[in-house]
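Visitor: Could you show me how to read the helices, strands and core of a model?
Guide: Gladly; here it is.

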Amino acid sequence: MNIKALWEKAVEFHGHTCPGLAMGVVVSKIVLEELGDRAKRRELVAIVENVSCPVDGIQALLGCTFGKKNLIHKDTGKPVYTFYNRQTKRAIRLSKKQDALYRRPEQPKERQDQIDTILKRGRDLFNVQEVTISLPD
Ligand SMILES: [Zn+2]
C-alpha cells in the first residue's frame, strides 16, 4: 500500500486528520517494510509508550489492538514504538528524532502542511534500530 492509501485507511478509523495520525501512518509504513504485513495473523506485537493519535494509525494499519492482546501500553509518555514479530523473532524500535519536524504542536504552520510534510518526509523522522526483546508467546 502506498502512503496515500495508508493515510486514507487510518483517517477512516481515527475520525479526523491530524499531524499525530500522520506520524502513526509513517510508523506503520516503516514497520510494514521492515517486519512484513502479517499483523492480521497476530504475529506482530506493538509496544507503545504513549496513548495518542499515532497509536490509532498503528491500530488501523497494523492490526495491533488491545482486544487481540497484541498492543501493549508501557507508559513513558515518549514517542517511541517497538514492534516484535513473533514469527521471525525480529524486533525494531522506532523513536522520533529530536530534531524532527512537529516537535511543538503550537508551531504556526498550517495543520495540513504539517500532515503533508510528515507523510513526505516519512522514515527520515524516525530513528529505527534493531532490538532484542522477549515476550511470552
Ligand atoms: Zn488525531
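We will go from a helix to the core, and then to the strands.

Guide: This is a predicted model: local features need pLDDT of at least 70, side-chain atom pairs count only at pLDDT 80 or more, and totals for chains, interfaces and linings use all residues. Residues are numbered from 1 along each chain as its sequence is written.

Visitor: Why is α2 largely enclosed by the rest of the structure?
Guide: Helices (H or I, at least four residues) and strands (E, at least two) are DSSP runs, numbered from the N terminus. A residue is buried if 20 or more other C-beta atoms lie within 10 Å of its own, exposed if 12 or fewer, and partly exposed in between, with C-beta atoms placed from the backbone. In α2, 13 of the 17 residues are buried, so the helix is largely enclosed. Just after α2, glycine 36 takes a positive phi of about 90°.

Visitor: Which residues touch the most other members of the largest nonpolar core?
Guide: In soluble globular proteins, nonpolar side chains tend to be buried together. A nonpolar core is a set of buried Ala, Val, Leu, Ile, Met, Phe, Trp, Tyr and Cys residues joined through C-beta atoms within 7 Å. Here the largest has 30 residues, and Val25, Val27, Ala46, Ile58 and Phe83 touch the most other members. The most residues come from α2, which gives eight.

Visitor: How many bridges join β4 to strand β5?
Guide: Strands pair if DSSP finds at least two bridges between them. Six join β4 to β5 (residues 126-131), running antiparallel. Alanine 91 has valine 131 in β5 as its bridge partner, and tyrosine 84 stands opposite alanine 91 in β4.
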